[in-house]
Amino acid sequence: MARTPTVVLFRSPSGRDPYAILGRHYTIHTVPVLVDVFDVGALQAHLGPAGAAAGSSSRGRTVPGVASTDSGFEGVIMTSKRAAEAWTCGVDEHGSSVDWSTTPLFSPGEAARAVLAPLPTSLRPALDTHRPAKSAAALAPIILARPSRAARCARLPATDHYHAHAGAATRQSCECGAATEQDGVGDRGGDGNQGEREAYRPYLFLTGDKTLRDLPDALRAARRSVVEVQVYATAVRADMGGALARVRGDVYGERATGLSVGASVGVGTDAGTGEGEGWDGDGRAARSGAPDAQPVWAAFFSPSSAAGVVPHLTNWPALRIAAVGETTAAYLRSALGGHAGLPGNVDAVADTPGAEGLLDAILAADGRAGERPALTEPERA
């Protein structure tokens, strides 16, 4: 019986891993690549002192008895799950005297939103603020097309300005950053000058040590101010080479004899077979020089992990490349050409970053589009 096609996921699995759905169609192996080191010290200055009993609005006005003040930012930008995890560490460790609930979050995909969702609303940016974006670079036109927070509030009638944002609270920060007061219609966030109300504030951009420059450069080219705060750094795991060698042995059997990659420390795999049993491919495996080999997909989830893995994949038979989004795909296209024995292109890119998008892209590239059944609610959870 023909060997089931394989997908190697270069990522760290979560407890209830959504990427397990790929096991319905492929044998899957998971190889953790990166270790993250969070550094939220620089972020603390923007979260504000923990336990503050009073704060200032964006115009410097003290609001007595308010535990939270407006962030002072036009939006918070997180282009990775790790940035959201660093944010969570920051508010857990330091707290925040800032009310973030009216500051928009800009992030591609759903990973960052899923991390932030359990936090109290005042401790996280507003999650549902823009249409989906496939990549970090694709966020730029979305951010640039959005009216400023001040301008959005300036469009409201004066009485609605208070009622739209004050809710049940006596005093609360409005989206424009003004303090709304129950005994009045509130400060409109300016002194009547239309230019002041429409001006854009800085964006708070949480980055890692390898975050690409496309998005902040595009915003600055449009005369927007960006405050970049590095909150994490990534490094390749010491045991990644051994894990990769073991997976190669599992995938290729005897063909891996005498071949090694890095250290000899082995890491277990997450294997499963699915509906792809017996599928014999579409002939594209021949490009690797192994016409009888089943396709082996290498799936990447960030430029950082791809940079650590790609040099070790030369001469893997029948190798095909998949990316979870356009940012990772762009990096792979530039990196693959620098290594002999690797495919020259990215074969599958998820339209929507995530498990379902990646599976759909790989199935389509394998000529199996439409095979995936709709997920059940427990699988989506």
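How do strand E12 and strand E13 pair, and over how many bridges? Strand E12 (residues 203-208) runs parallel to strand E13 (residues 226-236), and the pairing spans 6 bridges. Two strands count as paired here if DSSP finds at least two bridges between them. Within this pair, Leu204 sits opposite Val227 of E13.

The model is a predicted one, in which local features need pLDDT of at least 70 and side-chain atom pairs count only at pLDDT 80 or more, while totals for chains, interfaces and linings use all residues. Residues are numbered from 1 along each chain as its sequence is written, and side-chain values use heavy atoms, with hydrogens and water left out.

On to the overall picture. The protein has 13 helices and 16 strands, taken as DSSP runs numbered from the N terminus (helices are H or I with at least four residues, strands are E with at least two). Of its 381 residues, 50% are buried; buried means under 20% relative accessible area, exposed means over 50%, and partly exposed is in between (1.4 Å probe, protein chains only). Among contacts with a separation of 6 or more, 68% join residues 24 or more positions apart, a contact being heavy atoms within 4.5 Å.

Back at the sheet, E12 and E13 belong to an open, mixed sheet of 5 strands, ordered E3-E13-E12-E7-E9. Its edges are strand E3 (34-38) and strand E9 (105-106), each pairing on one side only. Helix H8 (residues 214-221) lies across strand E7 (75-78), E12 and E13, and runs at about 170 degrees to E13. That angle is taken between N-to-C directions on a scale from 0 to 180 degrees, with axes as lines fitted to C-alpha atoms, for helices over the stretch in contact.

The largest nonpolar core holds 28 residues, and Phe10, Phe300, Leu313 and Leu332 touch the most other members. Such a core is a set of buried Ala, Val, Leu, Ile, Met, Phe, Trp, Tyr and Cys residues joined through side-chain atoms within 4.5 Å. H9 gives the largest share, 6 residues. Beyond its neighbours within four places in sequence, Phe10 contacts residues including Val31, Leu244, Phe300 and Leu313. A second, separate core of 24 residues includes Val76, Val91, Leu116 and Leu119.

As for charges, the structure holds 12 salt bridges, each with a side-chain nitrogen of Lys or Arg within 4 Å of a carboxyl oxygen of Asp or Glu. Arg220 bridges to Glu228, with the closest N and O atoms 2.8 Å apart. Arg220 is partly exposed at 35% relative accessible area, and Glu228 is partly exposed at 29%. Arg320 and Asp347 also meet in a salt bridge (3.6 Å, N to O). This pair links distant parts of the chain, 27 residues apart: Arg320 is in strand E15, and Asp347 is in the loop between H11 and strand E16 (348-349). Arg320 is buried at 6% relative accessibility, whereas Asp347 is partly exposed at 21%. Arg333 pairs with Glu326 at 3.8 Å between the closest N and O atoms. Through shared partners, salt bridges also join Arg213, Asp217, Arg220 and Glu228 into one network.

Ser135 sits in the loop between helix H3 (111-116) and helix H4 (139-145). With a relative accessible area of 8%, Ser135 is buried.
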